[in-house]
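This briefing covers selected features of the structure shown below, grouped by topic. Please read it alongside the sequence and the coordinates on display.

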Amino acid sequence: MNKVITINLGGNAYQLEEGGYDALRAYLEVATAQLQGNPDREEILSDIEGAIAEKFRALLASHKTVVETKEVAAVLTEMGPIAVEAGETADADASHAGVPKSASGSGAAGEGKHTAGSGGVPKRLYRIQEGAMIAGVCNGIAAYVNIDPTLVRLAFVVLTMLWGSGLLVYVVMAIVVPEARSPEEKAAASGFPATAQEFIRRAKEGYYEAMKGFPDRRSRREWKRRFKREMRAHTDQWRYNWHCYWAEHAPVHPGMGFMLPVLSILQGAAMVIWVCALISLLATGALFGLMLPANVPVWIAALLLLVAYGILVGPLKVARRLCYRSLGQPRWTWSFVFLLDAVVWLAVVAALLWLAVHFFPELRDAVQSLPALAHQAADDIQTWWNKK
Amino acid sequence: MSVNEKFSAIRKGLLEFLVLQIIAAEKVYAADILKQLSATEFATQEGTLYPLLSRLRREGLLDYEWKESEAGPPRKYYQLTAKGKEQLRETLEYWGQINGTVKKFGQK
């Protein structure tokens, strides 16, 4: 979930994700610096803002009220760097803005594809403490390869769940990889120029400055209230993304809500089967007595099992969302169905696990031998890796 | 200097001429100009176009008026001034001459 910031572009309010807001701020700051000494600076800037606003408007719809960070980046790339017209050079200010002089007039044929933020700073892997969960390793990797930190974290969690290797890698990296401390290092961590980072920092301060600017407590409270409301609006947006589009639009039957426990039973059963399959795979090297092909290592089979489980459970999850929707507005039905659902789910999982352990003694043995198996799996990976 | 860089210098010089020509044909706003250029070698971006338009206006070659649009806030529609039309005519003439010269030498 990302924070949303509301801005005013050409007299209209737009909601941007925080990262997008930062990028836009940086772009406009660089533009302002580039147009230093241009007599029409204010006018050009307002034209630019108007054009950005128009592009944002094209992205929004009644279901979509927030401009995402990547969309802002795409719009800014489309806008291109601000060209300095001949005879109106920005002199010292252009270099101050972190944009090399030679690039300043090169927008002519669309070859100037950088946005304000990508001034060609060499990248390096650092740990980034801002917004970190533990030591900033995942955050740093995410900035380095330019993806969402959540994805990197998820990958580490999955690795850890499988054989604990994710944890090991994390600890090693937390020790080995340096932390980005100076502004230059922070810039190198994401490839953003240090000056842009500085703009971003200043932009962020704007929120607090705006708060200070309110004369009395009532208007300050009003500001806070509005801010919170925007946050809530964004949460709804996030939920919408989370739902599948067609789960939102497929027809529903009012009584479908009470299908939830049935779905829970199915989902619980799928999970138990999955866990049993995983245990049997790790314990015997075979899937419920079915031998694996000779050249497939056990850990690949386990990974495939995980994928298969995901595919199997996917439609169940969508059906679940359909059920949620069919519950409609009154909140008490919601809580009742949820409670019922949770109880049924727990009961099914517990019962099936108990049955499994009770009737298959191998399974009980397997659970007890799991720690030894983890070591074996690690060795397995190592030999496979060495063979490569 | 690569061939592409040389071409880019030529394009840069001609962009102004092309923009004047587009505006001469009809009253347009900035996004129209970009759209018309987008399919050509002269495809450009707002970051280049707005500073160029503002300079041309300052030089007295073009002017704009605000017009309401069906969706969203009013837009600036650009049109050539008398001076702009005159300069476009001169440039076209000169362009014809250059073109002729280039072709003439090519035939020898």
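**Briefing**

A:Val172 lies in helix H7 of chain A, which spans residues 165–176. The model is a predicted one.

**A:Val172**

- A:Val172 is classed as exposed because 11 other C-beta atoms lie within 10 Å, and the cut-off for an exposed residue is 12 or fewer.
- A:Val137 is 35 residues away from A:Val172 along the chain, and the C-alpha atoms of the two are 10.0 Å apart.

**Contact between chains A and B**

- Chain A contributes 23 residues to the contact and chain B contributes 22 residues.
- On the side of chain A that touches chain B, the elements giving two or more residues are helix H2 (41–59) and helix H3 (69–79) of chain A.
- H2(A) supplies the largest share of that side, with seven residues.
- By residue class, this side of chain A comprises 10 nonpolar, five polar and eight charged residues.

**Helix H1 of chain B**

- H1(B) covers residues 3–25, 23 residues in total, and its first and last C-alpha atoms are 32 Å apart, close to the expected 33 Å at 1.5 Å a residue.
- A kink of about 35° is centred on B:Leu14 in H1(B).
- Buried residues in this helix are B:Leu15, B:Val19, B:Leu20 and B:Ile23.

Key: Residues are numbered from 1 along each chain as its sequence is written. Chains are lettered from A and ligands numbered from 1 in the order in which they are written. This is a predicted model: local features need pLDDT of at least 70, side-chain atom pairs count only at pLDDT 80 or more; totals for chains, interfaces and linings use all residues. Two residues are in contact if their C-beta atoms, placed from the backbone, lie within 7 Å. Helices (H or I, at least four residues) and strands (E, at least two) are DSSP runs, numbered from the N terminus. Ala, Val, Leu, Ile, Met, Phe, Trp, Tyr, Cys and Pro count as nonpolar, Asp, Glu, Lys and Arg as charged, and the others, Gly among them, as polar. The expected span of a helix is 1.5 Å times one less than its number of residues. The bend at a residue is the angle between axes fitted to the seven residues ending there and the seven starting there. A residue is buried if 20 or more other C-beta atoms lie within 10 Å of its own, exposed if 12 or fewer, and partly exposed in between; C-beta atoms are placed from the backbone.
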